[in-house]
Amino acid sequence: MKSYTRRTALKTLTGTALTLPVLTESLASSMTTTEQTAPLLKGRINHSVCRWCYSKIPLDDLCKAAKEMGITSIDLTGPDEWPVLKKYGLTCALPQGAGKGINDGFNDPKFHDELVASYEAIFPKLKAAGLTTVICFSGNRRGMSDEKGLENCAVGLKRLMPSAEKYGITMIMELLNSKVNHKDYMCDHTAWGVELCKKVGSENFKLLYDIYHMQIMEGDIIRTIRESSKYIGHYHTGGNPGRNEIDETQELYYPAIMKAIVDTGFKGYVAQEFIPVRDPLKSLKEAVLICDV
């Protein structure tokens, strides 16, 4: 893992397995074409990319490259960055800019007042920028039972639903693994997140299904996507093991996963969130083509 991690990036806020077979001829061919001009995309997947994975690339340069690849969004950017995206005709499918980061979330009532104020402050900014979502987190357990944390999250999030609905903003809670990257994080299984969606009871609260994280925690990716699609508002990618390129070096077969997402009728965004270990922009282009089913 590189020294600059997503955990580091988010501190600035205000802060089973599927076996990968040998590359098919079509997949190998599509990956070869990335050395040339990117082909026209099929339009069934809305492509995004997470800013923090490409932090060494100036945002303007990343926007230009993304545009050329057919990527239309850059995830996990904040209010100061949105005008840059707009300049290049890009959106932010999943913004950040509110909350207390990953560790301190809605499962602890002592944070509720601060969290509510933080999110209510960003809702009008999101609307003014033409954005419709914002990321949020459960927080760490710190000895709390999952049942109690579920109740606490529902209480805090329900306070925000009237305002979220007023501004047309969907709060999206990320599913993260607590085995490798985010020790003690509570929202670490899809079933827990789905139950929280049911308790909150609003279309303005959904889940970020991070394929990398959920492969580590529970596997059975495609079945889970099919069964839980109603509660999923966004997707992130990443190769496992290692959270690197999503190619033949890892165990997930992304073309089949993307087809499953498309088959659910999902119209939102899929964002690349892997840490490239080779040429970053070439790897990003390859990932877009792999996922463009």
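Residues are numbered from 1 along each chain as its sequence is written. In this predicted model, local features need pLDDT of at least 70, side-chain atom pairs count only at pLDDT 80 or more, totals for chains, interfaces and linings use all residues, and side-chain values use heavy atoms, with hydrogens and water left out.

Biologist: How much space lies in the largest pocket?
Modeller: A pocket is an open set of points on a 1 Å grid over the protein atoms alone, where a 1.4 Å probe fits, with protein on both sides within 12 Å along at least five of seven lines. Its volume is the space filled by probe spheres set on the points, which are joined across faces, edges and corners. For the largest pocket that gives about 300 Å³.

Biologist: Which strand gives the most to the lining of the largest pocket?
Modeller: Lining residues have an atom within 4 Å of a point. Strands are DSSP runs of E, at least two residues, and helices are runs of H or I, at least four, numbered from the N terminus. Strand 4 (170-174) and strand 6 (232-236) each give two or more residues. The top contributor, with 3 residues, is strand 6.

Biologist: Where does Phe 106 lie, given that the pair ties together parts 13 residues apart in sequence?
Modeller: Tyr 119 sits in helix 5 (112-128).

Biologist: Is Tyr 209 buried or exposed?
Modeller: Buried means under 20% relative accessible area, exposed over 50%, partly exposed in between (1.4 Å probe, protein chains only). Tyr 209 has a relative accessible area of 0%. So Tyr 209 is buried.

Biologist: Which residues do ring pairs link into a cluster?
Modeller: Tyr 209 and Tyr 235 pair edge-to-face, 6.0 Å centre to centre, with 65° between the planes. Tyr 209 is in strand 5 (residues 205-210) and Tyr 235 in strand 6, 26 residues apart. The cluster is Tyr 209, Tyr 235 and Phe 266.

Biologist: Where in helix 6 does the kink lie?
Modeller: A bend is the angle between axes fitted to the seven residues ending at a residue and the seven starting there. In helix 6 the kink is about 35°. It comes shortly before Pro 162, at Met 161.

Definitions and conventions: Rings of Phe, Tyr and Trp (its six-membered ring) pair if their centres lie within 6.5 Å; planes under 30 degrees apart count as stacked, over 60 as edge-to-face and the rest as tilted.
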